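Please read the following briefing with the sequence and the coordinates open beside it. The points are grouped by topic.

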Amino acid sequence: MPSFAIEVPGEANPLNEDLLVRTLHSAASSDPHQIQTGTKQLQQWERTDGYYKHLQSAYIDTRLPVELRYLAIIQLKNGIDKYWRKTATNAVSKDDKDAIRSRLIQSCLQESEDGLALQNALVIAKIARFEYPNDWPDALSSLVQTLRSQVPPLQLTRALLALLHIVKELSTARLQRSRQNLQAATPEIVHVLSTLYTDSVAYWLPRLGGDVDHEIAAAMRLSLMAMKVLRRLIITGYEHPNRHEEVVAVWSATQQHLQRFLQQTETEKLALQLAKLHHEMAREHPAAFALLPNSIDLTLAYWSLTKAYGDSFGAHGTIQAALSNAKIGTDGDSDEKSTTEKLALRGLLILRACVKILHSPAQTFKLRSPSDKDEKLHATTLIRDHLLTPQLVQDVAETLITRFFVFRASDLRDWEAEPEEWEKREEGLGEDWEFSLRSCAEKLFLDLAINYKDLLVQPLLRVFYSVATPECEDVLFKDSVYSAIGLAAPVVFEELDFDAFIRDVLVVEVQKRRAGWNVLRRRAAILLGQWISVRVSERRLVYRIFEFLLGTGDPLNDQVVRVTAGRQLSGVVDDWGTKAEELEPCLGSILTSLMALIDEVELTETKMALLNTISVIVERMERRISPFAEKIVGMLPQLWEASGEEHLMKQAILTILARLVNAMKAASVPLHGLVLPIIRGAVVPGSETEPYLLEDALDLWASLLVQTPSPSQETLDLVPLLFPIYDHGSEDLRKALEITESYLLLAPAHLLSDSVRLPLFAALASLFAALKSKPEANGMVCNIIELAIRQAHRLGGGAAVEQTASDLVAVGFLGKLLEGLRGSWTAHCTTGPRAVHAPVDGVVETDYLSILARMIMGSLEGFSKAILASAPQVPTSQGSGRTSLDETMGWLLQEWFSHLENIGDPGRRKLMALTLTRLLDLPQQRFMLLNLQSLMTMWTDVITELRDGGAEDTISTPEHRRGDSLVYSALQPAADPHEAPEDERRREVMYSDEVHTLGLPGFVTEALDRAVAGQGGMEAFRREWVGNVDVDVLKGFSGLGVM
């Protein structure tokens, strides 16, 4: 029968409880159309009053199907995050909140379904985080009261579940107030829970040994839940747990119970909870841990358990049998961590925390009062004198090396069965050391080696010398000792001749072709990676070892060995001591092996690690990589296509391309055909890859421009894509500005063409005003404008500078610049209580004035027109009417001269001196001659400084200098014959700068001669202008011999 139902828009359906239930039925059905319709309707109701109250009603109604109730409580839980805050848009109303809160606890206690009870407990915890104690003061007390009452075991368990999640939420809250509220309620809760815990344990513990009936199992669950809450409360609810009697009582009880729990398989979960409590106390409250009763004995007990477990950790006999059969890992052992292993791990973690208490107190203790300092002293004394004794330290170090550094049968089986996954897991264990027994053992050993060097180095070396011979065949023990030597490299390097070990032992051992020696080959790669930055002189030999380990000709170089060698080679090559000429003989073979290995492995993470090794090699080899560039680039398109949505791989490819371009310099031009389309695709606004690849694409773009001898049309076509990036800010903006500057050096004619110039200036103008408070970014924008003016002058002389200045006026750039300088002048005219903060100052103001200086040096007429055109845009005391050049130059020169003393760079000071001197050539000289005293003061200071600074004598000649140390001779050849093309362009720009081509003394002399002539001769000039100059200023200037 056809359906004539009409779908009404969601907002047209009035919300009521019955309709909500029907909608939940639709959303929970198996029909995709109903799911879509129901889900859409629920989303519409999210912002409707009563929605969350009705969701709770649906959850509470036990007549409804379980899956529907699940959907209701999950919708409620998700809505709390979005709409429970009072400040949230469409926040849940106060009446609805009151209604929901009033039913929370009771619905939790009566819930029989475990999964639903968990979701409801999460709802209670989220609301408590927002509302306890202000709007929901009895959130904790109501649950505590339930725990005190004679209620069924199920309600006790539900109350503990809700309490557990409330404690989790409040203890992880960012607001200190939330944690303080929890701490205020903690003592009472701990008292109730500790009683509940001890009473329940006393009930079921004597009854273990036979069949566990329902009542005993319920009591055990109760004890477990109570301890979970107690553990978190004791750690987060007290600043000084050892000072509270209820904590001391619980602590003592846990020690009594732990030994009993370890004897029963039914109590393993509870034993692990106690171990977590002990470890977290040592980590979070070090002084309290040491001072709580019997903590030293507890730690020693953990060590005894750990040491005993070590006897079976590396099952030597089993593995040796497997090795002798030329096949590793035939004997099985469980992949699942046993309870004993987890407890042994906690034992190592506690020991490591104790080492930190004693040897890293600054990072471990929080000292707020004299009593805290006394407790710290007492705690460290206890641990030093009674725990970390020389005997224990030696015992721990020996056990770690001989037991926990040794591979297990399961490790070796996984090596053979899933080599790539096993290698990746082993590589990542260093980061997850708190969850891996071997990795934790390595961390603890390193702590001991560093802090007990005098005690451990000689015994370690004796063991090392006993196995570090080609005759020693105990592969796994040798591997564990080499592991220790690698970890302890920073400690033992002065006592061990590692170069002799490489030469006499390691070279021989890596070439042995016996079953199981691939274990040693893997260790050799790791060991060399650990020692390379400490002390290794035999670099050529190291590279040959890696060349051998990466080769596929030997069956013992299995995938694990080769991938490990490929990973470790990255750090070896990246070390500061790497010399390209030493690596070069092995380079071809190593690169071929790495590229073949990338093709062989399947995991993206492994491919990226190996690609990074090639990338590091490219960077260190520089121009020597050129013969191999084609082969490297040839594998990248396939990797790019295969990566799909894996943007990390694409980022790695962009990085290696950038390094190739930088390494090959001008020879990288053949790569442009591959690189330019990738850059375009990554930087186009709105593209799918832009958010992920933009940063790396900008690095590649910048490298390409730096290393390009001459621009191609495809390179120039990318310029418009720069301007939208200016709006991104942060590092993207910095890189985009660097690229813009590179374009001005590479292709100034294109950047200053009519089609590009105005959009560029407009984009920079929109940035300019916002960067006053960011000197570095502001400086980059100003440098670009300054360079544009200079390049315009070089290409088209004064007319081009005049056009550039006119464009800067048109886009509002110059107006904003003058407005900032005018604001600073106004601020500097105020003093005392009415003083105004200058909008631009310091280096920012220097950058502003440098732009004006370049205009003046390029075209006086262009500068005058630009100032007159921009002046009306600058607020003045008379408003914004027409302003004369004299008036504008009056305040501008006053600010300019006053700022000179804040300029420290000699080149900038000279530029300002040249510029202000050049202004004497304006037809309207009067406003300059009115500042003749300031000019003479400036000339005296700057010329004296230039005559004293002979730093550039090596590239200057007396006839060019004429008393000016910043005047350079003709363009010097490059110091580096393999310099980047942009370095040459920058050198040409520097040598053509007026700062380095014009001698200031002669420039001043010529300008003064023209000014004197313009005033009717020297007599008239002295009478009209020089007579107004201070005698001392005139005397100092006359001593220069300029006039």
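Predicted model: local features only at pLDDT ≥ 70, side-chain atom pairs only at ≥ 80, totals over all residues.

Residues are numbered from 1 along each chain as its sequence is written, and side-chain values use heavy atoms, with hydrogens and water left out.

**Annotated span and Ser57**

- An unreviewed UniProt entry places the feature "domain: Importin N-terminal" at residues 38-110; UniProt positions are given in the numbering used here, feature names are shortened, and annotations may be inferred rather than shown by experiment.
- Residues 38-110 are 71% helix and 0% strand, and the end C-alpha atoms of the span lie 29 Å apart; helices (H or I, at least four residues) and strands (E, at least two) are DSSP runs, numbered from the N terminus.
- Ser57 is placed in helix H3 (residues 51-60) and is buried, with a relative accessible area of 13%, where buried means under 20% relative accessible area, exposed over 50%, and partly exposed in between (1.4 Å probe, protein chains only).
- Leaving aside neighbours within four places in sequence, Ser57 is in contact with Glu17 and Arg103, contact meaning heavy atoms within 4.5 Å.
- The side chains of Ser57 and Arg103 are joined by a polar contact of 3.0 Å; a polar contact is a pair of N or O atoms within 3.5 Å, of which, within protein, one must be able to donate a hydrogen and the other to accept it, and residues adjacent in sequence count only if both atoms are side-chain atoms.

**Salt bridges**

- The count comes to 59 salt bridges, each defined as a side-chain nitrogen of Lys or Arg within 4 Å of a carboxyl oxygen of Asp or Glu.
- Arg231 and Glu280 form a salt bridge through their side chains, at 2.7 Å from N to O; since Arg231 lies in helix H10 (residues 214-236) and Glu280 in helix H12 (residues 268-284), the pair ties together parts that are 49 residues apart in sequence.
- Arg231 is buried at 5% relative accessible area, and Glu280 also counts as buried, at 15% relative accessibility.
- A salt bridge of 2.5 Å, N to O, is formed by the side chains of Arg734 and Glu776; with Arg734 in helix H37 (residues 730-746) and Glu776 in helix H40 (residues 775-810), this pair ties together parts that are 42 residues apart in sequence.
- Arg734 counts as partly exposed, at 28% relative accessibility.
- Asp754 and Arg757 meet in a salt bridge of 3.1 Å, N to O, and both lie in helix H39 (residues 754-768), three residues apart, about one turn of the helix.
- Within that pair, Asp754 is exposed at 62% relative accessible area, whereas Arg757 counts as buried at 7%.
- A network of salt bridges links Glu786, Arg790, Arg854, Arg908, Asp993 and Glu994.

- Helix H44 (residues 885-899) has 15 residues and should span 21 Å, which agrees with the 21 Å between its end C-alpha atoms; the expected span is 1.5 Å times one less than the number of residues.
- The buried residues of H44 include Trp891, Trp896, Phe897 and Glu895.
- These buried residues of H44 pack against helices including H41 (813-828), H42 (842-858), H45 (906-918) and H47 (932-948).
- Pro923 lies in the loop between H45 and H46 and is exposed, with a relative accessible area of 76%.
- Pro923 and Glu861 are 62 residues apart in sequence and 9.6 Å apart in space, C-alpha to C-alpha.

**Cysteines**

- The structure holds zero disulfides, a disulfide being a pair of cysteine sulfur atoms within 2.5 Å.
- Cys782 is buried, with a relative accessible area of 0%, whereas Cys829 counts as partly exposed at 47% relative accessibility.

**Backbone geometry**

- Most residues other than glycine have a negative phi, and most peptide bonds are trans.
- Tyr132 and Pro133 are joined by a cis peptide bond, with omega about 0°, and Pro133 is found in the loop between helix H6 (114-131) and helix H7 (139-148).
- Asn294, which is not a glycine, has a positive phi of about 60° and is found in the loop between helix H13 (286-291) and helix H14 (295-313).
- Glu622 has a positive phi near 50°; this residue lies in the loop between helix H31 (604-621) and helix H32 (626-643) and is partly exposed, with a relative accessible area of 46%.
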